[in-house]
Every structure is written in C-alpha cells, then in structure tokens.
Amino acid sequence: MKRNTLFPKLNGIMHGGDYNPEQWLDRPDILEKDIEMMKKAGINEATLGVFAWSMYEPEEGKFDFSWLRKIMDRLYENGIYTILATPSGARPAWLDEKYSEAMRVDAYGVRNHHGVRHNHCMSSTKYREKVEIIDRKLAEEFANHPGLLMWHISNEFGGECYCDQCVCRFRKYLANKFEHDIEKLNKAWWTTFWSHRFNSFDQIEPPYENGENSVMGLNLEWKRFTTWNMTDFMKHEIHTLKAVRPDIPVTTNFMTLYYGLDYHEMCKELDVISWDSYPVFHNDYEAPEYTYLYNAFNHALMRSMKPGQPFMLMESAPGLVNWQPFNKVRRPGNHKLACFQALACGSDTVQYFQWRKGRGSSEQYHGAVVDHLGTDDTRIFREVAEVGELLKKVSDVAGSVVDTPVALVYDWDTRWAIDDMRGMAQSTKNYDKTCVDIWSELLKLGVDADIISQQHDWSKYKVIFAPMMYLLQDGTAEKLKEYVANGGIVFATYLTGYVDKDQLCNLGGFPGQGLNEVFGIISEELDTLYPTDQNGLIWKNGARIRTEVKDYAEILRVKDATVLATYESDFYAGGAAVTCKQYGKGYAYYFACRVEASDMRALFTQILSEAGVKTKELAGVEYHVRVAEDKTYEFYLNYTTEEQYLTNVNGTELLSGQGLDGELVMAPGAVAVVEKQIGE
Ligand code: GAL
C-alpha cells in the first residue's frame with residue numbers, strides 16, 4: 001500500500017487546532033505566550049480565521065489582513081503551520097443590515113434575524129458574491145505564504161433555507177432532474193394519491209412544516225437538493241481559492257453522522273476529509289466501550305470517503321464541551337485514548353477546538369488547551385503536552401492507511417427514507433444504531449470494516465455487510481448481483497430493497513429489483529414487535545444458544561436458499577429467519593429479523609472465515625492496523641479499567657521503543673503502537 005502523506009512539510013502527525021488570536025489583539029503578551037506554550041505542547045499547526053470575517057472586513061469593502069499576516073509569520077518562524085479558514089460560517093452585522101436576503105428563512109417561511117452563525121441562505125446571490133470577494137482577497141494575500149498548508153472551507157456546513165430564492169432553485173433542480181417533464185415527477189412521486197398531482201414545476205413548494213410533507217419523493221428530493229445546494233455553495237468557495245493557487249488542498253469539517261447533508265456527495269469536492277469528534281465520554285446511559293465504538297464508527301466512515309489516504313481529526317475537546325446536556329470533564333487518560341483512537345482509525349492529525357478559552361460569549365466555558373488561568377501547569381495542558389510528545393514518537397505512521405477486505409454499506413438516502421417511511425415503529429427503526437452495532441461487532445472481532453455507500457467501488461472487498469438497505473439506488477441491485485456472482489459475500493437483513501430511488505415500492509417481491517433471486521427468498525410480511533413481545537431463533541446446526549428476536553421479524557417465502565435458522569414462536573414459528581444462498585461464485589446471507597449484534601457474532605465469524613478474512617478477538621482492547629509500503633502499524637487501545645494481557649504481539653512498540661516478542665501487557669488506559677516489517 002502506497003504511503004500517502006498529507007502534509008510532507010510536517011514530517012509526521014499534525015498536532016494543533018482552532019486558534020483565535022483575533023480575540024486577543026489587545027494583549028500582545030498573551031499572543032507571545034501562546035507561541036511559547038504551543039511549542040511546549042508539541043503543537044505544529046494552528047487553524048486560523050474560522051469566523052474572522054468582521055476582523056478581515058470591518059466595513060464593507062475595507063479590508064485588514066495585517067494582524068493575520070503578523071500572526072502567521074510568527075507562528076511560521078516558530079515551526080507552526082497554518083490551516084486557513086474562509087470566514088463564511090458567520091457574517092458581520094453590516095452584511096445582514098445591508099443585504100437581508102443573506103439571512104436564512106425557516107421551515108415556516110419566516111426570515112431569521114441577524115446573529116449566531118450558520119444562519120445564511122446558500123442560494124443568495126448577494127451572499128455568494130460577498131463570500132467570493134473575501135475568499136479571493138484571502139487567497140491573494142496568503143496563498144503563497146510558506147506557512148500555509150491547507151484551506152478550511154467555512155465551518156461545519158449545515159441547516160437548510162426555505163426562502164424564495166431557494167424555492168426557485170429547488171424548482172429548477174427538479175425540472176432538470178425530471179427532464180422538464182412534470183408527468184415524470186408525478187409518476188415518481190405517486191402524486192395521484194390524495195390528489196397531489198402537479199401541473200407545473202412552479203407549483204412545487206419545499207416540505208414546509210405547515211405545508212406539503214406527506215409526499216415521500218418530495219421530502220427526499222428536498223434533502224437531496226439541500227445537499228446539492230450546499231455543495232454548490234462550497235464548490236463556489238473552492239473554485240475562488242483554487243483559481244488563485246490550485247495546489248493548496250481544501251477540506252471542510254464534517255460533523256458526527258450529521259443528518260442533514262449527504263457527506264458521500266459533498267466529499268467528492270474535497271481533497272482531504274476532516275471531521276469534528278465530540279464523543280459523550282463518561283455518560284450515564286451507555287458502557288464506555290460503546291462510546292468509543294461509536295466514535296470509531298465515525299472515524300471509519302470519514303476515512304472510507306477517500307480510500308488510500310489518511311483523514312483528519314479537525315476538532316476535538318481536550319477537556320470538555322459546553323453544549324452537551326451534562327458537560328463532564330474528560331477523566332485523566334481519556335484524552336490520550338481518544339487521540340490515539342483517531343490515529344488508529346486512519347487520521348494523520350490530532351486537532352482541538354480550541355487552543356485558548358475566550359473570555360466572553362457563548363463558548364467562554366468550552367474546554368481548551370489553555371484555560372482562563374493562562375498557564376501550562378494545568379492537568380489538561382499536561383495531558384495535551386503528553387500527547388504532543390507521544391505523537392512525535394509515531395511520526396512514521398503518517399501517510400499509512402487502513403486497508404481492509406470488509407465493508408459496511410451505510411448511506412444518507414436510506415437513513416432519510418427509513419425515517420420518513422410511515423410504517424414499522426418510529427421509536428425502534430434505529431437504522432444508524434443497527435449499522436453501528438454490526439460494525440462494532442466486527443471491530444470486536446478485529447475487523448476494521450470500511451463504511452461505504454451504494455455508489456462506492458465494492459469490488460475490492462471480500463465481504464459486504466448491508467444492513468437495512470431499504471432504498472436501492474439505480475444500479476445497486478445489478479451491482480450486488482454482479483458482486484456476489486463474482487465471488488463476493490453479502491450479508492443483508494430485514495428491510496432490504498423495499499423501494500427504488502424515489503421511494504416507490506418495488507413490485508414483485510422484496511428484496512426487489514431481482515434481488516430476491518440472489519437471496520433465494522421473498523419477504524412476504526414484516527411484523528413489528530412491541531418491546532414486550534417475545535420471539536426467538538432456533539439454529540439448524542443446533543450449536544448455538546437461543547437467540548432473542550426483537551423489534552422486527554420478516555416472514556419469508558423460501559425459494560432456493562438454505563435455511564440456517566427458524567422462528568421459535570408465534571404463527572410463523574418454524575418459518576425461515578436466517579438463510580444463505582450460493583449465487584454464482586459467492587454467497588448471499590439474509591437475516592430476516594433483528595437480534596442483538598453480539599448474537600450474530602458466531603455467524604459473522606463463520607462468514608469471515610469463509611471469505612478468508614483473518615479475525616483477532618481481543619476482549620477489552622480495541623485493535624486497528626494501518627499499513628504503508630512494507631510496514632504495518634498495529635494499534636492497541638485498552639479503555640477498560642483492568643490490565644490486559646495480550647499474546648502474539650511482535651515488533652517494535654513505538655511509544656516505549658521496546659521490542660516485543662509475543663507478549664504485551666497493557667495497563668488500564670494504555671495505548672500501544674506496534675511497528676512491524678511486512679513478512680516479519
Ligand atoms: C464545533 C464548531 C466549533 C465549536 C465547537 C464547540 O462544532 O465547529 O466552532 O463551536 O463545536 O464544541
């Protein structure tokens with residue numbers, strides 16, 4: 001696997017984060033101290049300019065970048081590189097005062113007032129024009145600064161706008177999509193139902209809260225449009241910057257499984273993927289292991305967007321945040337584990353929000369490397385500095401990647417369609433949780449699966465898990481057939497292939513579009529279980545213990561699949577619940593009901609072994625591998641409160657510099673990175 005270093009100038013892992021010197025320009029003493037303390041903490045990067053518009057352009061057309069130049073120069077002189085943000089995430093008051101169309105309109109059609117952030121219309125011509133001017137100025141001023149590593153486009157794109165300009169663009173988007181033929185749209189959206197037929201694209205409104213929101217196709221298309229429009233806005237920014245200097249890479253910071261935008265679409269426009277990770281550590285509702293696994297799932301989703309290259313952990317909180325229901329401080333040692341988990345999953349950066357706590361406004365109590373106390377002798381500072389030291393020891397990891405033969409399909413259209421479908425039980429649909437649980441179970445088996453969309457290239461994987469793949473994009477059914485026919489193994493579940501890309505039900509038996517041939521079954525009914533309902537599985541090989549069925553159970557008509565398990569009770573007792581069919585050179589597994597992911601472990605182990613995928617079960621230790629050229633880097637994270645004793649671990653442990661000859665003893669909270677020559 002080719003080494004793919006994101007930032008050759010850094011010679012290793014990036015350690016840095018959001019820095020807002022513009023809030024401290026009247027305190028040169030503090031700005032000087034920042035540099036001194038950054039060096040102590042092993043910081044080699046600062047993300048500047050996020051939300052700095054009113055300091056760049058205090059009045060319309062009057063620009064001042066002198067303060068930024070001074071800061072960038074000073075940082076650079078001290079070995080600290082810059083990622084420079086475009087300031088479009090929040091607007092100065094003069095802009096909204098003069099161009100009120102830049103402010104967003106809510107789902108009731110009411111325009112917001114000036115304020116907060118991310119409160120802008122992505123369609124507004126005036127806003128786009130103003131953003132283009134400030135971005136061009138920034139690029140002209142700084143694109144050739146030797147300290148500049150990358151552009152950070154805006155900040156955490158999100159939300160939606162229902163203003164007239166957006167409505168107009170939505171109509172145009174639909175007209176293009178349906179080839180200017182309103183009948184095609186009527187058909188795709190099944191509008192004869194409740195007399196919802198349209199005579200022209202101009203009659204279509206977005207799904208206002210108090211308007212039309214019962215047409216599934218419309219709801220889904222609005223979400224797709226919002227992604228398209230946001231991406232278009234982002235492309236506009238990227239284009240402006242690249243016109244000045246095309247070789248500076250661009251990213252934007254994504255958010256944890258953010259619901260409102262299809263990141264699989266947006267990522268296509270970016271050079272590097274980055275995201276902001278704020279797990280709710282030490283909560284009172286789940287085991288710590290689950291918080292880590294959920295975070296790892298997010299990392300894997302991000303890294304899979306650009307195969308063969310590392311991703312970036314753009315923001316994380318060194319101490320605590322200020323927006324969770326309970327803002328608990330990170331316990332000692334947790335910071336190191338979280339940072340190394342990012343690396344283990346394929347990140348080449350550890351970055352924070354934020355370097356220094358501000359004095360006022362809504363984030364004054366948000367955690368930072370430097371507290372209001374202002375010194376470097378705090379617990380948080382020490383933990384950050386310790387991570388800084390450790391990162392230097394693993395600099396060789398930079399540019400290596402996770403290369404895995406297993407993937408899980410997860411996508412936004414399916415998320416949206418399942419949530420919007422009027423059926424099942426709203427409270428137990430749990431598409432995200434189902435995917436996270438299955439992925440986590442694989443990770444517990446030492447299999448760090450990629451997380452991909454229906455559009456990704458599936459051919460490099462030996463096994464694909466596709467839970468609840470309710471919506472089939474054009475071409476997915478064919479792709480799946482071909483994949484299995486050529487020797488791939490697919491694991492699918494209840495709710496596969498019910499609807500097409502417009503959310504029209506597939507006819508002729510679920511899983512639709514011919515997939516019932518591949519699986520050798522037809523799902524005839526879907527039973528929704530109350531939380532108090534009981535059912536179980538009886539496995540045909542008799543080897544496994546009783547498995548509890550919960551939430552959903554499909555009643556199958558078996559055509560030519562082998563039945564692996566049947567239902568234990570109810571009127572469908574004895575009916576098939578888990579099946580497998582050989583199709584061409586591959587196998588298609590179908591799990592027709594929901595069970596705990598841990599209850600599928602034996603089956604997963606069997607499937608992975610059939611595919612020749614190695615497993616490595618390590619109770620209490622999270623395990624990942626990165627590779628580059630002739631080296632592997634194995635990561636071991638012990639987030640339990642007990643010592644863990646591992647065998648069969650060989651190579652050089654980079655953090656301690658020790659050679660390992662089979663044994664690795666890990667104290668609670670310990671991290672190990674073991675380097676090995678391939679073939680050793
Ligand atoms: C992020 C955001 C930062 C900061 C941080 C606080 O979502 O990008 O600007 O607000 O949250 O946790």
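Predicted model: local features only at pLDDT ≥ 70, side-chain atom pairs only at ≥ 80, totals over all residues.
**Domains.** Select residues 406-610 of the protein chain, which form domain 1. Next, select residues 622-677, assigned as domain 2. Between the centres of domain 1 and domain 2, taken over C-alpha atoms, the separation is 34 Å.

**Helices H14 and H17.** Colour residues 431-444, which make up helix H14, and residues 601-610, which make up helix H17. Two packed helices are described by the angle between their axes and the distance between the axes. Here the axes come within 10 Å and cross at roughly 65°, and the crossing is right-handed. To view the contact itself, display the side chains of Ile438, Glu441, Leu442 and Lys444 in H14, together with Arg601, Phe604 and Leu608 in H17, which they meet. By class, this contact of H14 with H17 comprises four nonpolar and three charged residues, with no polar residues.

**The ligand site.** Centre the view on the ligand and show the residues around it: Phe51, Arg117, Asn155, Glu156, Asn253, Asp276, Tyr278, Glu315, Trp323, Phe353, Glu363 and His366.

Three of these residues may then be examined individually. Begin with Arg117, where a polar side-chain atom lies 2.9 Å from an oxygen atom of the ligand. Proceed to Asn155: an N or O atom in the side chain of Asn155 is 2.9 Å from a ligand oxygen atom. Finish at Glu156, which places a polar side-chain atom 2.4 Å from an oxygen atom of the ligand.

Technical notes
Residues numbered from 1 in each chain as written. Heavy atoms only, no water. Domains from an automatic or database assignment. Axes fitted to C-alpha atoms, helices over the stretch in contact; angles between N-to-C directions. Helix = DSSP H or I, 4+ residues; strand = E, 2+ residues; numbered from the N terminus. Left-handed = near helix turned anticlockwise from the far one by under 90°. Contact = heavy atoms within 4.5 Å. Nonpolar A, V, L, I, M, F, W, Y, C, P; charged D, E, K, R; others polar. Near = heavy atom within 4 Å. Polar contact = N/O pair within 3.5 Å; in protein donor to acceptor, adjacent residues only side chain to side chain.
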